[in-house]
There are 2 protein chains.
Amino acid sequence: MSEEALPNKNLRIDGTRLWRSLMEMAEIGATPKGGVCRLALSDLDKQGRDLFREWCEAAGCSVTVDAMGNMFARRPGLDPKRAPIQTGSHLDSQPTGGKFDGAYGVLAGLEVIRTLNDNGIETEAPFEVVVWTNEEGSRFAPAMIGSGVFSGTFSLEEGHGKQDKDGKTIGGELTRIGYLGTAPLGHPVGAYFEAHIEQGPILEADSKQIGIVSGVQGQIWYEITLTGQESHSGTTPMPVRRDALVGAAGLIEAVNRIGQAHEPGGCGTVGMLQLHPNSRNVIPGKVFLTVDFRHPSDQALALMDQEIRAESRAIADKHSLDLDLQKIWSFPALEFDHDCVAAVTRATTQCGYSNRAIVSGAGHDAVYLSKVAPTGMIFIPCADGISHNEIESATPEDAEAGCNVLLHAMLAMADRD
Amino acid sequence: MSEEALPNKNLRIDGTRLWRSLMEMAEIGATPKGGVCRLALSDLDKQGRDLFREWCEAAGCSVTVDAMGNMFARRPGLDPKRAPIQTGSHLDSQPTGGKFDGAYGVLAGLEVIRTLNDNGIETEAPFEVVVWTNEEGSRFAPAMIGSGVFSGTFSLEEGHGKQDKDGKTIGGELTRIGYLGTAPLGHPVGAYFEAHIEQGPILEADSKQIGIVSGVQGQIWYEITLTGQESHSGTTPMPVRRDALVGAAGLIEAVNRIGQAHEPGGCGTVGMLQLHPNSRNVIPGKVFLTVDFRHPSDQALALMDQEIRAESRAIADKHSLDLDLQKIWSFPALEFDHDCVAAVTRATTQCGYSNRAIVSGAGHDAVYLSKVAPTGMIFIPCADGISHNEIESATPEDAEAGCNVLLHAMLAMADRD
């Protein structure tokens, strides 16, 4: 794609309308600290989906839902044989999530549609705005299940069978909230773009408004259970204990140390931990915990995998614990499509926004879409790099800038021969 | 008390009947692994209380309940002016508790009454068998609240106000299950004995059938909250993290290290831990945990207190976390009443049981009773020293032996001038 001027170069989205939509969506599941709790397939998730559908239909789109609950709002193209240019993200949130993670990508897509409508612009390829089911992975593990099934990474049966901690399944919850649709799974996609907050500190620290995302770092998720012997805390001498939590403490520190040892780029996190029986005067007999490893280099990630396996084994042996370590999910480091990255670059430059290349630290639905379509991403800064937190924050100006880049990147891909 | 022969020296309890009662009580809240889950003031606790009341009334006792839900089953004495000789323990259990912890002391008391009835023996002082409310402290912290209020250690308001994790109070739950009684709180007690499984490995390792308990080690409970910054696990570089769980891991290891450093006798345990937000891909922003320290020496316990305060401060500073450390409960090391210990010794010797002196590692209602009455305890072995576990186990022979010692110790105190 050459550096020629963009078609409709001066076209701009309505930043005020985008911001208003973001704030209205954020009222659904709003938390006292200014964040959002809209867990996947909860009643609040349904409310968010209903509102999205209402807005899209008002904007003239037809909305379909597939068997994974993924929602597709389509604006027709001039050439009905062309595969749609998609954009989207998710409306589910972390338990204590923010207003922008996911919702920004969805509502930026809607704002693109509204802008095309306002300006009477027709495109060769159809445009689609997608809401992917259960991106966060906090209610149902792993993350990105909706786009995972759409892209053929998981089977529909796998997707429907995933359970939350109360044993409720995705299939059951989709039925319950009325979002088990009938649209065929996995239709062709001409190109996929996803706009998102960075969720890290790089753009802000570098005073750049747009991150041109070159790819996504690799990721591995583990589930580890350490089993010892529960016993009385006041009568069981220290030397004979098999305290699963003391072992878990060693593991938490090992995960942290491994992340640090693979800096820059390495991340190691224990985010979830469950104790059994979790009573003040009982030595913990069993601990379940999750590990999240990331690295932009697959080679480094493979080393991290070796290291945690060795450390877990050593810790279990040291404390006479039984070890069960399962790698439950992973994807390798990924480079986005050259044309899509070029389209984002050209849109950013011609709109005049400061920018830099960036690798995504987070997984996104774009990871799975990249298996079935040319894919690119656009990042905007978030305050202090903080995300997955109720205080997650972005500015109206940056949200507007990212949406303008999305508009022009999509237009460029929609109208190319 | 001299070494003269016991009155009714050849009197023995019915070990088969005692065992049958233990097994029948253990059916209430029975778990698949052979243990018991009968949390304080739950419906199952009410069922256990109802059964105890039925048995005591069938044995001719009058049963009264005080405003803390403590139950007193009284067998009259010849001299109505004498304060009762009490025995008892508790019927509540850990979430994954055993059949003997608490229930043994209560039902051994009932077996003493039944034996006196069978043999037409009357005593000068009345006998009382007591069920103390919420000894375990696992549903409502701290432990031993019923005996704590009876002994004036806590006020009735404090006792009633204690909340479980769902915000339900002891006062409310007593009312709900019908055990908010009207008997006056804290009547005089002539002497108090408590029979209990050891909950530790000492008697078994030493092949002794009876532990003559000389006292109880001191104990401190803490609640600690570490607060950092929750943030995205894939995009927050390791050096800028404020991971509350990494701090907690350091604390868990510090507690374990402090317990070990004060061996023999020292115990340090983190038994409960709660993470916020407890999501796989979120750096934990807040961790709440409990610490349980024990030592037979108050001096050592004071050192352990200093050490955990210093370590907590250092860990919080190292990981840029906010620290909230609360000492929520403690009692100093305790020596039981000389006459009561002598009565237990004499009963054990004259019944011909192998025995040794022992310090209780666990807290028991006897700790608070010792503030208002001469008090002693009798331990029997438990398999592998394991307690607060569904596999907790004791033998019918040891249960019978402990109950015979209880019978003769109570008789000796009831009939002395």
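Between chain A and chain B, the rule finds 34 residue pairs in polar contact, both residues at pLDDT 80 or more. Keep in mind that this is a predicted model.

Who supplies chain A's side? The elements giving two or more residues include β7 (218-227), α8 (244-261) and β12 (286-295) of chain A. The largest share is from α8(A), with nine residues. By class, chain A's side has 33 polar, 24 nonpolar and ten charged residues.

Now the size of this contact. Chain A puts in 67 residues, and chain B puts in 67 residues. About 5,500 Å² is buried between the two chains. Carbon and sulfur atoms give 54% of that.

How many salt bridges cross from chain A to chain B? Two, by the rule. A:Arg280 and B:Glu223 form a salt bridge through their side chains, at 2.8 Å, N to O.

Next, inside chain A. Domain 1 of chain A gives 15 residues to the contact, and domain 2 of chain A gives ten.

These two domains bury about 870 Å² between them, 65% of it on carbon and sulfur atoms. Which residues of domain 1 lose the most area to domain 2? A:Pro142, A:Ala333 and A:Tyr368, together 41% of what that side buries.

Salt bridges between domain 1 and domain 2 of chain A: zero by the rule. Polar contacts there: three residue pairs, both residues at pLDDT 80 or more. On the domain 1 side, eleven residues are nonpolar, three polar and one charged.

Technical notes: Residues are numbered from 1 along each chain as its sequence is written. Chains are lettered from A and ligands numbered from 1 in the order in which they are written. This is a predicted model: local features need pLDDT of at least 70, side-chain atom pairs count only at pLDDT 80 or more; totals for chains, interfaces and linings use all residues. Side-chain values use heavy atoms; hydrogens and water are left out. Contact means heavy atoms within 4.5 Å. Buried area is the accessible area (1.4 Å probe) that two parts lose on being put together, summed over both. A salt bridge is a side-chain nitrogen of Lys or Arg within 4 Å of a carboxyl oxygen of Asp or Glu. A polar contact is a pair of N or O atoms within 3.5 Å; within protein, one must be able to donate a hydrogen and the other to accept it, and residues adjacent in sequence count only if both atoms are side-chain atoms. Ala, Val, Leu, Ile, Met, Phe, Trp, Tyr, Cys and Pro count as nonpolar, Asp, Glu, Lys and Arg as charged, and the others, Gly among them, as polar. Helices (H or I, at least four residues) and strands (E, at least two) are DSSP runs, numbered from the N terminus.
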